[in-house]
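Hi everyone, thanks for coming. Let's bring up the model and walk through it together.

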Amino acid sequence: GLRRAKGPLTRESLKAGIESMGNFDSGILAPVSFSRDKHLGLTATQRVQISGNRWVAVGTPVDGDKDW
C-alpha cells in the first residue's frame, strides 16, 4: 500500500494505493486483494507448517468466497 501511494502521503493516496493491490503474495498467507468495493482483502486461508526454520505451505489455499 505505501509503495503504491502516489504523490504526498495522505489518507486518500494511501487508500488508493491499498485499493490497487491485487493478488499480493506474502509467501505465508493466501494472496491478498483489495479494490474500491472490496476492503476485506483476505477471503482465503492457507495451512502452513514449519519445516526446519521455514514456513511451508501445505495443500492449496481454501477460499471462503468459492469453497463453501
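To which side chain does the backbone nitrogen of Asn23 lie 2.7 Å from a polar atom? The side chain belongs to Ser33. We call this a polar contact, a pair of N or O atoms within 3.5 Å; within protein, one must be able to donate a hydrogen and the other to accept it, and residues adjacent in sequence count only if both atoms are side-chain atoms.

Before we go on, a word on the source: this is a predicted model, where local features need pLDDT of at least 70, side-chain atom pairs count only at pLDDT 80 or more, and totals for chains, interfaces and linings use all residues. Residues are numbered from 1 along each chain as its sequence is written, and side-chain values use heavy atoms, leaving out hydrogens and water.

Back to Ser33, which sits in the loop between H1 and S1. Helices (H or I, at least four residues) and strands (E, at least two) are DSSP runs, numbered from the N terminus. Leaving aside neighbours within four places in sequence, Ser33 is in contact (heavy atoms within 4.5 Å) with Met21, Gly22, Asn23, Lys38 and Gly41.

Is Ser33 buried or exposed? Ser33 is buried, because its relative accessible area is 16%; buried means under 20%, exposed over 50%, and partly exposed in between, with a 1.4 Å probe and protein chains only. Ile28, also placed in the loop between helix H1 (11–19) and S1, is partly exposed at 39%.

Finally, look at the hairpin that S1 and S2 form, with 2 residues between them. Gly52, in the turn, has a positive phi of about 70°.

Definitions and conventions. Pairing = 2+ DSSP bridges.
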